Amino acid sequence: MAMTYKARRRWAILILVVGLPIYMLVASVVATSVLNWLGRPSILLELLMYTAFGVLWIFPLKSIFMGVGQADPDAEQNDDAS
């Protein structure tokens with residue numbers, strides 16, 4: 001069953017306000033741990049790793065964010081064409 005527009009909007013807000021800061025903290029801890037384990041790799045590898053962490057979060061959540069900024073397709077339209 002597909003989620004309604006209102007449910008997708010609410011989930012998107014919750015994800016952006018609560019989930020994304022938590023993800024940022026976890027990604028930062030993981031990146032720091034990996035960098036300490038590797039012993040400070042080249043700047044390009046570090047940039048690649050942070051870019052990957054910055055992009056990877058959206059792929060599993062893409063279906064929730066699609067169309068959230070658009071007008072509600074479920075709302076009744078009051079078009080009087082008279």
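Me: Which residues does E46 touch, not counting residues up to four places away in sequence?

Reply: Bear in mind that this is a predicted model. Leaving aside residues up to four places away in sequence, E46 touches L35, R40 and P41. E46 itself lies in helix α2, which covers residues 43-56.

Me: Where is Y50 found, and which residues does Y50 touch beyond four places in sequence?

Reply: Y50 is also found in helix α2, and, when residues up to four places away in sequence are not counted, Y50 touches A31 and L35. With a relative accessibility of 39%, Y50 counts as partly exposed.

Me: How far apart are Y50 and A27 in sequence and in space?

Reply: A separation along the chain and a separation in space are read side by side. Y50 and A27 are 23 residues apart in sequence, and their C-alpha atoms are 8.4 Å apart in space.

Me: Which residues of α1 are buried, and what do they pack against?

Reply: Helix α1 spans residues 5-38, and its buried residues are Y5, R8, A12, I15, L20, A27, A31 and L35. The buried residues of α1 pack against α2 and against α3, which covers residues 62-65.

Me: Where in α1 does the kink lie, and what comes just after the helix?

Reply: A kink of about 40 degrees lies at G19, shortly before the proline P21. Just after α1, G39 takes a positive phi of about 80 degrees.

Me: Which residues make the nonpolar surface patch?

Reply: The patch, of about 900 Å², is made by M3, W11, I13, L14, L16, V17, V18, I22, V26 and V30. Two of these residues can be looked at in turn: L14 is found in helix α1 and counts as partly exposed at 43% relative accessibility, while V26 lies in helix α1 and is partly exposed, with a relative accessible area of 47%.

Me: What separates the C-alpha atoms of V26 and E76, and what separates those of R9 and D72?

Reply: V26 and E76 are 50 residues apart along the chain, and their C-alpha atoms are separated by 42 Å. R9 and D72 are 63 residues apart along the chain, with their C-alpha atoms separated by 9.9 Å. R9 has its place in helix α1 and, at 41% relative accessibility, counts as partly exposed.

Me: How many aromatic pairs does the structure hold, and how is such a pair described?

Reply: A pair of aromatic rings is described by the distance of the centres and the angle of the planes. The structure holds one aromatic pair. Its rings belong to W57 and F65, whose centres are 6.1 Å apart and whose planes stand at 90 degrees, so the pair is edge-to-face. The step of reasoning here rests on the cut-off for the angle, because planes over 60 degrees apart count as edge-to-face.

Methods. Residues numbered from 1 in each chain as written. Predicted model: local features only at pLDDT ≥ 70, side-chain atom pairs only at ≥ 80, totals over all residues. Heavy atoms only, no water. Phe/Tyr/Trp six-rings, centres within 6.5 Å; stacked < 30°, edge-to-face > 60°. Helix = DSSP H or I, 4+ residues; strand = E, 2+ residues; numbered from the N terminus. Contact = heavy atoms within 4.5 Å. Patch = residues over 30% accessible without salt bridge, like charges linked within 9 Å, V, L, I, M, F, W, Y side chains within 5 Å. Areas by Shrake-Rupley, 256 points an atom, 1.4 Å probe, with all protein chains shown as cover. Salt bridge = Lys/Arg side-chain N within 4 Å of Asp/Glu carboxyl O. Buried < 20%, exposed > 50% of the residue type's maximum accessible area, 1.4 Å probe, protein only. Bend = angle between axes of the 7 residues up to and from the residue.
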